[in-house]
Amino acid sequence: MGKFIMLKVFILMKLSHFFNKEFAMLKFFVFWSLFTATSFSFASVFSLNEDYLYFQSHQQENLSPNEISILDRYHFVFVAGFLNERARKRYFKDNISTLQKNKIENISVLFPSSQKSVSTNINVMHSEILRLYREGKDKPLIIFGHSKGGIEALATVLQDTSLLHREVSRIIAFQSPFNGNELLDRWLKPTSMHFDSLDGMNSLRGDQVYNVIQNKFIELSDEEKKRVSSSFYYISTSRIPSEMSYIFRLSGYLMMTKKVPSDGVVATKNMDLELFGQKLGHIKADHTEVVVAHTRGLNIASKEKTQAFTMALLKNILKEISPAALSQAAAAK
């Protein structure tokens, strides 16, 4: 937002040379108001962070019957990230309970192998997407992918964009290293014996991610690019190291020394995917804070925060799916 404002100022300063001296200030402010008003029409309707903060202090608020009926048309699928095998009972537990509390029952969870690379898991993900679509009574999937799971979900669709015609409605990625994992790229050598055995971790290196995401997108036709871009959303997060749980602080401090953003375990150069897709927002959280139930010493999650995040996420999905439904819900209150 700051860069956009600076761009406005630069353009207006250049245009000010065309103003007569007598009316320079008047014309400047008139033009500024028009320029600003025009830009508002292109502003995002998403307000993930604001909604996240709101629901933290309004824990009892639920979705309206109208909103629930809209979301009931979809099958919600959560895709877990790296090392999900160690947290299966806690992964997405509170996110799912929040959906169920709001009478949303079409929910599934996928646990792609952490040991296998993104490229290897794509075939499994493809089969699972087709299976869930059939078993879910042909309801289109809204897929939530966390970390490596977000990359695997998106890579699957990029390999077969026909999934977006019927089976997959939207993909929403949380904290996924779309520009590579800075911690792996900068400090951990791929020749290390320990990490050679973990193809899944090495597949998060910058060059590997580029091959399955950016490079695949570039190869698509213009029509396919539009379809993918309009169906894909992502969320970034950050915390300063001193606020992270102890297990994540080392990578956090390493990121700070190099002046690059960090989300904890997956410390990325940049969590934004500027080539395509839409950003739902940025929130203050460490890598597992809003997707893994609280585990003493491992993260700083709480059921209240996870519930607030999930409610904010649902509200922002509704803003994109059916803005009219939200207006009706607000009027009913």
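How many of the 333 residues of the protein count as buried, as a percentage? I looked this up and got 51%, with buried meaning under 20% relative accessible area (1.4 Å probe, protein chains only).

**Ground rules.** I noted that this is a predicted model, where local features need pLDDT of at least 70, side-chain atom pairs count only at pLDDT 80 or more, and totals for chains, interfaces and linings use all residues. Residues are numbered from 1 along each chain as its sequence is written, and side-chain values use heavy atoms, with hydrogens and water left out.

**Elements.** I found 16 helices and six strands, taken as DSSP runs numbered from the N terminus (helices H or I, at least four residues; strands E, at least two).

**Strand β5.** I looked at β5 (residues 232–238), where six of the seven residues are buried, so the strand is largely enclosed by the rest of the structure. Strand β4 (residues 168–174) pairs with β5 in the parallel sense over four bridges; pairing requires at least two DSSP bridges between two strands. I noted Y234 in β5 as the bridge partner of A173. β5 also runs parallel to β6 (residues 278–284), joined by six bridges. In β6, H282 is the bridge partner of S236.

**Helices α6 and α7.** I checked the axes (lines fitted to C-alpha atoms over the stretch in contact, with angles from 0 to 180 degrees between N-to-C directions). Those of α6 (residues 118–135) and α7 (residues 148–159) come within 9 Å and cross at roughly 70 degrees. That makes α6 roughly perpendicular to α7, a label for 65 to 115 degrees. Contact means heavy atoms within 4.5 Å; the residues that meet include V118 and I129 in α6, and K148 and Q159 in α7.

Definitions and conventions: Parallel < 35°, antiparallel > 145°, perpendicular 65-115°, else oblique. Buried < 20%, exposed > 50% of the residue type's maximum accessible area, 1.4 Å probe, protein only.
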